[in-house]
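Here is a short briefing on one protein chain. Look at the structure first, then work through the points by topic.

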Amino acid sequence: MSNAMTGGPRRIAGDGAVVARAPAKVNVHLRVGPLRPDGFHELSTVYLAVSLFDTVTARPGEGIALTVRGEGSAAGQGPASVPTDRRNLVWQAAELLARHAGVAADAHLDVDKSIPAAAGLAGGSADAAATLVALDALWGTRATRGDLAGLAAQLGSDVPFSLMGGVALGTGRGEQLSPVLARRRCDWVLGIAGEGLSTPTVYGELDAMRTDGTAAPHAEGAGDAAEPVIAALRSGPTSALAATLTNDLQAPAVRLRPELRRALQAAAEAGARAAVVSGSGPTVAALAEDEDAAVRLAASLAGAGVFRTVRAVHGPVPGARLVG
């Protein structure tokens with residue numbers, strides 16, 4: 001495993017366990033282009049990794065066994081929606097890495113989820129990225145960062161960014177990444193709804209809205225539109241970032257889930273500098289002036305009754321990494 005991922009040698013506990021974690025993401029900019037022949041849309045997006053993490057623990061085992069705790073599990077908060085079989089990206093990541101490395105796909109994988117499923121926060125992608133990192137260490141495959149990034153792109157559009165973290169411009173279907181050197185901290189409150197939204201359903205609704213004229217057609221040269229938000233993330237005041245938040249999927253998400261309109265309004269009334277639906281929703285990402293303001297905003301939104309739960313987070317944070 002490359003030191004770029006681990007920060008040092010492999011970290012394996014006395015019981016053989018390896019632990020990795022990966023962050024949630026917020027799309028601070030998302031422009032959706034036309035539908036491609038492969039069924040995906042052409043995207044221009046700016047990803048921001050934020051401090052809400054899922055953790056994957058990998059232990060030696062025979063075959064693949066998968067357990068899930070926390071958000072989306074049968075015993076966790078919210079609807080039980082995370083599968084524990086081959087449908088889960090964690091399982092698929094394990095099989096893919098094993099094939100790539102020519103090793104047996106033998107591991108027990110325990111996923112501890114804090115990122116809700118189907119929330120527009122790339123929770124499943126974070127799990128897959130953490131699995132690649134953990135199993136690379138457990139199996140000693142010595143995959144390079146480029147190797148893992150290539151595997152991540154095969155698993156899903158958001159998995160490469162979950163591996164990278166920080167801030168990045170995503171193009172193609174979101175998997176083609178250009179890192180952005182933006183170290184300025186920004187603080188957010190994530191308002192998490194009680195029921196998820198299907199990403200394909202939201203994209204389909206956007207296509208329908210563009211067809212019937214209730215949504216603007218896709219913009220040409222959408223990549224250029226990302227420059228203001230990138231500049232704001234690098235050095236601008238919070239007001240500059242607030243003015244540049246954009247998500248083409250917000251309108252279809254609101255049409256599918258009308259209560260999101262009230263949630264966005266509640267964030268504004270509670271003092272958010274701006275609020276936007278994250279990705280395909282239904283999570284609302286509310287931008288705060290600073291850490292103290294985020295704490296106050298979270299408390300206010302927790303009492304507003306429009307979200308199942310709220311989380312104060314900050315970004316950018318690193319992508320999938322081993323943890324002690």
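At what angle do helix H2 (residues 89-101) and helix H4 (residues 145-155) pack, and how far apart are their axes? The angle is about 135 degrees, and the axes lie 10 Å apart.

This is a predicted model, in which local features need pLDDT of at least 70 and side-chain atom pairs count only at pLDDT 80 or more, while totals for chains, interfaces and linings use all residues. Residues are numbered from 1 along each chain as its sequence is written, and side-chain values use heavy atoms, with hydrogens and water left out.

**Helix packing**

- Two packed helices are described by the angle between their axes and the distance between the axes.
- Helices (H or I, at least four residues) and strands (E, at least two) are DSSP runs, numbered from the N terminus.
- Axes are lines fitted to C-alpha atoms, for helices over the stretch in contact, and angles run from 0 to 180 degrees between N-to-C directions.
- H2 and H4 are oblique to each other. Angles under 35 degrees count as roughly parallel, over 145 as roughly antiparallel, 65 to 115 as roughly perpendicular and the rest as oblique.
- H2 passes H4 in a right-handed crossing. A crossing is right-handed if the near helix is turned clockwise from the far one by less than a right angle, and left-handed if anticlockwise.
- On the H2 side, the contact (heavy atoms within 4.5 Å) with H4 is made by Leu 89, Gln 92, Ala 93, Leu 96, Leu 97 and His 100. On the H4 side are Asp 147, Leu 148, Leu 151, Gln 154 and Leu 155.
- By class, the contact of H2 with H4 has 7 nonpolar, 3 polar and 1 charged residues. Ala, Val, Leu, Ile, Met, Phe, Trp, Tyr, Cys and Pro count as nonpolar, Asp, Glu, Lys and Arg as charged, and the others, Gly among them, as polar.
- H2 also packs with H3, at an angle of about 35 degrees and with the axes 8 Å apart. This crossing is right-handed.
- The H2 residues in contact with H3 include Leu 89, Val 90 and Ala 93. Among the H3 residues are Asp 127, Thr 131 and Trp 139.
- The contact of H2 with H3 divides into 10 nonpolar, 3 polar and 2 charged residues.

**Two residues in their surroundings**

- Thr 131 is found in helix H3. Thr 131 is buried, with a relative accessible area of 0%. Buried means under 20% relative accessible area, exposed over 50%, and partly exposed in between (1.4 Å probe, protein chains only).
- Leaving out residues up to four places away in sequence, Thr 131 touches Val 56, Val 90, Ala 93, Ala 94 and Leu 109.
- Pro 34 lies in strand E1 (residues 18-35). Its relative accessible area is 39%, so Pro 34 is partly exposed.

**Salt bridges**

- A salt bridge is a side-chain nitrogen of Lys or Arg within 4 Å of a carboxyl oxygen of Asp or Glu. By this rule there are 17 salt bridges.
- Asp 127 and Lys 113 form one of them, at 3.0 Å from N to O. Asp 127 lies in helix H3 (residues 123-139) and Lys 113 in strand E4 (residues 107-113), so the pair ties together parts 14 residues apart in sequence.
- Asp 127 is buried at 3% relative accessible area, and Lys 113 is buried at 4%.
- Arg 185 pairs with Asp 187, the closest N and O atoms being 2.8 Å apart. Arg 185 is partly exposed at 38%, whereas Asp 187 is buried at 6%.
- Arg 31, Arg 210 and Asp 248 are linked in a network of salt bridges.

**Backbone features**

- Most residues other than glycine have a negative phi, and most peptide bonds are trans.
- The peptide bond from Gly 281 to Pro 282 is cis, with omega near 5 degrees. Pro 282 sits in the loop between strand E9 (274-277) and strand E10 (284-288).
- Ala 118 is not a glycine, yet has a positive phi of about 50 degrees. Ala 118 is in the loop between E4 and H3.
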